[in-house]
Amino acid sequence: MPPHHTPLSVLQAAIIRGEHTPGRDEFSVDDLLSVLGLSTNPRIEVQRTAQCGVVVRADKQMLTSILFNATQNALHHGGA
């Protein structure tokens, strides 16, 4: 993928072309944090008060792309 193409822009292009079929994937929040590279980032702190076993059901590709863009912006432009 060329450097100026983010996962979100590639996904958006596929949606516009009618080539993206939304999914309903089942995954954990920990899996999502890991895929985004946030579980090992020293600037990200996740506090868990209990093991609640939350399962997310969503289009994982779309959610990951959106959250990737948002977290990269926050890490780049955030003050912390």
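Helix α3 passes a simple length check: its 18 residues should span 26 Å at 1.5 Å a residue, and its end C-alpha atoms are 25 Å apart, which agrees. The expected span here is 1.5 Å times one less than the number of residues. Helices (H or I, at least four residues) and strands (E, at least two) are DSSP runs, numbered from the N terminus.

Keep in mind that this is a predicted model, where local features need pLDDT of at least 70, side-chain atom pairs count only at pLDDT 80 or more, and totals for chains, interfaces and linings use all residues. Residues are numbered from 1 along each chain as its sequence is written, and side-chain values use heavy atoms, with hydrogens and water left out.

**Helix α3**

- T64, S65, T71 and L75 are buried in α3 (buried means under 20% relative accessible area, exposed over 50%, partly exposed in between, with a 1.4 Å probe and protein chains only).
- Looking down the axis of α3, you find its buried residues within an arc of 145 degrees, so they line one face of the helix; the arc is taken over the directions from the helix axis to the C-beta atoms.
- Where α3 starts, a side-chain oxygen of D59 comes within 3.3 Å of the backbone nitrogen of Q61. A polar contact is a pair of N or O atoms within 3.5 Å; within protein, one must be able to donate a hydrogen and the other to accept it, and residues adjacent in sequence count only if both atoms are side-chain atoms.

**A look at T64**

- T64 sits in helix α3, and its relative accessibility of 14% makes it count as buried.
- A polar atom of the T64 side chain lies 2.7 Å from the backbone oxygen of K60.
- Setting aside neighbours within four places in sequence, T64 is in contact with L32, V35 and L36 (contact means heavy atoms within 4.5 Å).

**Nonpolar core**

- Seven residues form the largest nonpolar core: F27, L32, L33, L36, L38, V56 and L75. Such a core is a set of buried Ala, Val, Leu, Ile, Met, Phe, Trp, Tyr and Cys residues joined through side-chain atoms within 4.5 Å.
- L32, one of the core residues, touches F27, L63, T64 and L67 when residues up to four places away in sequence are not counted.

**Salt bridges**

- Searching the whole structure turns up three salt bridges (a side-chain nitrogen of Lys or Arg within 4 Å of a carboxyl oxygen of Asp or Glu).
- R57 pairs with E26, their closest N and O atoms being 2.9 Å apart.
- K60 and D31 meet through their side chains at 2.5 Å, N to O. That pair links distant parts of the chain, with K60 in helix α3 (residues 60-77) and D31 in helix α2 (residues 29-35), 29 residues apart.
- K60 counts as partly exposed at 22% relative accessibility, and so does D31 at 29%.
- E19 bridges to R17, with the closest N and O atoms 2.9 Å apart; E19 is exposed, at a relative accessible area of 52%.

**Whole chain**

- Three helices and two strands make up the element list, running α-β-α-β-α from the N terminus on.
- Of the chain's 80 residues, 20% count as buried.
- Among contacts with a separation of 6 or more, 84% are between residues 24 or more positions apart.
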